[in-house]
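Here is a short briefing for a first look. Keep the sequence and the 3D view open while reading.

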Amino acid sequence: MGLNIHTNHRMLFFIPAISYLVLVYLCAVWPAMVEMEAMEAVPKPFEDELPAIGRKLYGSYNCVTCHTQQIRGDERKATDVDGVRTTPVLTADARFGRELATRAEEYAWQDPVFMGTQRTGPDLSSTGRRLPAVQWHYWHLYNPQAVSPGSLMPPHRFLFTTTPPPPDEEFDYEEVLVIEGLGVKSDRLWATPDAKALVEYLLSLKREHLEQGRLAK
Amino acid sequence: MKIPVGIPVFVAAAGTNPNFAKMVSRWLISAGVWLLFASVVGLLEAFRLVDPEILADYAWLTFGRMRPVHTMTMLFGWASMALVGLAFYVVAKSTLAPMHEPMKKAELFLANLAMVLCNVGVAVGAVAMAMGDVNAGREYREWPWYAMAPVFVAVGICGLLFYRMVARRAVEGIYISCWFVMAACFWMAIVVVMGYQTFWTAGIPDRIVDGFYIHNAVGMWFTPLCVGMTYYALPKLLNKPIYSYALGVLGFFTHLVFYTVIGTHHYIFTPLPMILQTTAVICSVAMIVPVWASTGNFLMTMKGEGLAISHSYSLPFLFVGVVGYGLASVQGSAEALRFVQEVLHFTHYTVGHAHFAMYVFVTFLIWGCIYGLVPRMTGREPPILLVSIHFWLALAGIAVYVIGLSVGGHVQGESWLEGEPMMESVRVSAPYMVWRAVGGLLMVVSHIFFFVCLWRMRPGAFTMAYAGAGK
């Protein structure tokens with residue numbers, strides 16, 4: 001039998017297995033450990049309760065399927081001026097990110113990371129700054145086509161209710177301003193606590209900390 | 001006669017252990033059921049990209065949740081279960097195991113157990129995600145851990161069984177199909193462990209693991225299994241040796257080296273370490289070597305066999321699958337390049353590529369192997385007319401789908417580069433969403449024909465009656 005992999009099944013099993021483990025270490029485990037150290041140097045950001053719940057719902061409704069949260073930059077053309085590193089933003093992404101490409105520290109401690117791989121809808125990394133109106137988000141979640149004609153976003157009507165919330169839970173709900181074209185069959189509409197949390201999360205996406213950090217430097 | 005119809009099929013099937021044939025069929029029929037289920041879900045999603053109001057009033061049916069139900073069920077319910085089922089037969093045959101007892105009783109029990117575990121995992125995963133327990137942002141592992149756990153155990157069991165079957169082979173040499181099958185099970189086990197580990201779940205480390213997982217789950221599981229199956233089925237159905245065995249070995253090792261490290265090409269232009277990005281781009285291009293070592297090998301084996309292919313009902317599937325493998329992989333290499341990413345990343349083009357690879361390459365090869373090999377195990381052939389309808393509907397469907405999304409993706413990407421409003425990119429790519437739905441519809445209809453054929457090939461009275469003949 002010998003050590004010939006053509007005839008020795010033990011060798012045939014172990015050679016690809018061990019080679020694979022070595023490669024996995026080199027291309028995934030080791031870089032992950034190095035980046036983990038870099039991430040741990042970034043202070044853990046303070047997270048409000050409501051946006052944190054909203055973030056979980058963002059994952060649960062799997063919004064990341066169609067929405068990215070990353071502004072791509074071309075690292076090869078990056079410049080260092082007075083110790084401030086600037087990475088030029090790709091043309092396609094400029095509308096969402098102005099002059100700032102996403103940096104590693106923006107994702108620090110985010111679990112999971114909603115970078116996304118598909119942009120069927122717009123990038124959401126600075127929604128809170130682009131679209132700060134709470135009511136707009138409620139209308140948009142209830143009937144995306146009403147405020148954004150031609151949109152492919154699925155309506156999330158199940159996050160709203162037309163029956164008045166019970167008095168002891170009133171605080172958790174928020175009334176939605178019923179506008180024309182929203183398609184509500186009743187005079188009044190309430191956002192459920194879930195909708196409230198989800199919108200709070202979307203509004204919290206501002207990349208403000210980065211801009212502030214930049215200005216401070 | 002090289003065409004596997006009629007008497008040669010009966011002869012090949014005679015003496016096959018009926019319990020073994022039933023076990024393999026259970027894997028394949030489970031896969032067929034998941035194919036039907038997942039493609040209906042996929043079709044629903046395709047129609048929703050034309051009209052988002054379809055079935056929009058239920059949280060559990062929402063687009064975001066159904067999308068991973070479609071992808072995960074296709075990957076683990078359909079492709080994985082079909083390939084593992086076929087692998088049991090191919091490993092048994094290529095190790096020259098006695099077909100009246102290719103596996104011991106306990107092994108058969110374990111193989112059946114793994115089949116049940118796989119089905120449980122796929123079903124639990126689909127229900128859990130519909131209920132909102134989505135491992136979000138982590139593509140192709142959106143299942144919560146408790147759905148992946150039984151599938152992981154099943155992969156382990158199958159790996160052990162394949163190893164044992166190879167270890168007690170009746171020939172000295174180990175055929176290349178067994179190389180791919182044995183290695184794939186080990187690789188996949190590592191990939192799942194990496195995908196569900198809890199050390200690097202935040203920030204950039206999470207994305208490094210994600211890039212690794214996405215591409216290794218595809219490339220170190222489906223690709224080697226598919227290539228392994230084809231290395232057995234193609235020479236068998238053409239009744240001639242493979243063109244070059246050495247090319248197969250070259251393909252195996254270059255695949256191992258290059259495919260493992262290309263995952264970061266899903267994260268070009270991101271803050272992931274530059275060295276990983278560049279390595280991924282270079283090795284993505286280098287993937288041309290293993291891909292064409294196999295594709296070229298298969299094409300050279302098929303050279304001059306046009307008549308046999310056109311008269312067979314299984315070989316056309318293999319032909320399309322082999323060509324699809326070559327083309328989809330070259331497309332993938334090109335997509336990794338930075339200047340291509342600037343236009344096409346995030347667009348519908350990527351979805352078209354994913355379907356090109358998983359459908360034209362993986363699914364067509366699986367169909368070719370099922371139509372070519374299952375009758376040789378059960379002695380029952382599918383109705384040829386239905387196979388033809390299946391073939392042409394599936395081919396037309398995927399062509400409409402991929403062409404539509406490739407053009408649509410370009411249009412979408414160009415619109416972004418022009419700096420037009422986001423909604424403009426949705427508007428200009430809207431017509432191609434109709435192509436997608438039409439293509440999807442054709443594919444779903446073809447799957448119904450496939451399932452009827454698969455059902456007609458299940459082990460029956462013939463398998464039982466002739467079971468003892470080869471003893």
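A compact globule of 217 residues would have a radius of gyration near 17 Å, whereas chain A comes out at 23 Å. The model is predicted.

**Dimensions and domains of chain A**
- Along the principal axes, the C-alpha atoms of chain A fill a box of roughly 80 × 55 × 35 Å.
- Chain A is split into two parts: domain 1 covers 1-41, and domain 2 covers 49-216.
- The centres of domain 1 and domain 2 of chain A, taken over C-alpha atoms, are 40 Å apart.
- Of the 217 residues in chain A, 40% are buried.
- Take the contacts in chain A with a separation of 6 or more: 66% of them join residues 24 or more positions apart.

**Elements of chain A**
- Chain A holds eight helices and five strands.
- Their order along the sequence is α-α-β-β-α-α-α-α-β-β-β-α-α.

**Confidence in chain A**
- The average pLDDT of chain A is 91.
- A score of at least 70 is reached by 95% of its residues.
- Among the elements of chain A, helix α5 (residues 134-142) has the highest mean pLDDT, 97.
- Helix α8 (residues 208-216) of chain A has the lowest, 56.

**Where chain A meets chain B**
- On chain A, 61 residues are in contact with chain B; on chain B, 64 residues take part.
- Two helices of chain A, α1 (9-40) and α2 (49-60), each supply at least two residues of the side that touches chain B.
- The largest share of that side of chain A comes from α1(A), with 17 residues.
- By class, the side of chain A that touches chain B has 33 nonpolar, 19 polar and nine charged residues.

**One residue of chain B: Pro421(B)**
- Pro421(B) lies in a loop of chain B, between α15 (384-418) and α16 (422-456).
- Is Pro421(B) buried or exposed? Pro421(B) is exposed, because 11 other C-beta atoms lie within 10 Å and a residue counts as exposed at 12 or fewer.
- Pro421(B) and Arg138(B) are 283 residues apart in sequence. In space, their C-alpha atoms are 29 Å apart.

Notes. Residues numbered from 1 in each chain as written. Chains lettered and ligands numbered in written order. Predicted model: local features only at pLDDT ≥ 70, side-chain atom pairs only at ≥ 80, totals over all residues. Contact = placed C-beta atoms within 7 Å. Helix = DSSP H or I, 4+ residues; strand = E, 2+ residues; numbered from the N terminus. Nonpolar A, V, L, I, M, F, W, Y, C, P; charged D, E, K, R; others polar. pLDDT = per-residue confidence, 0-100. Rg over C-alpha atoms; globule rule 2.2 N^0.38 Å. Buried ≥ 20, exposed ≤ 12 C-beta atoms within 10 Å, placed from the backbone. Domains from an automatic or database assignment.
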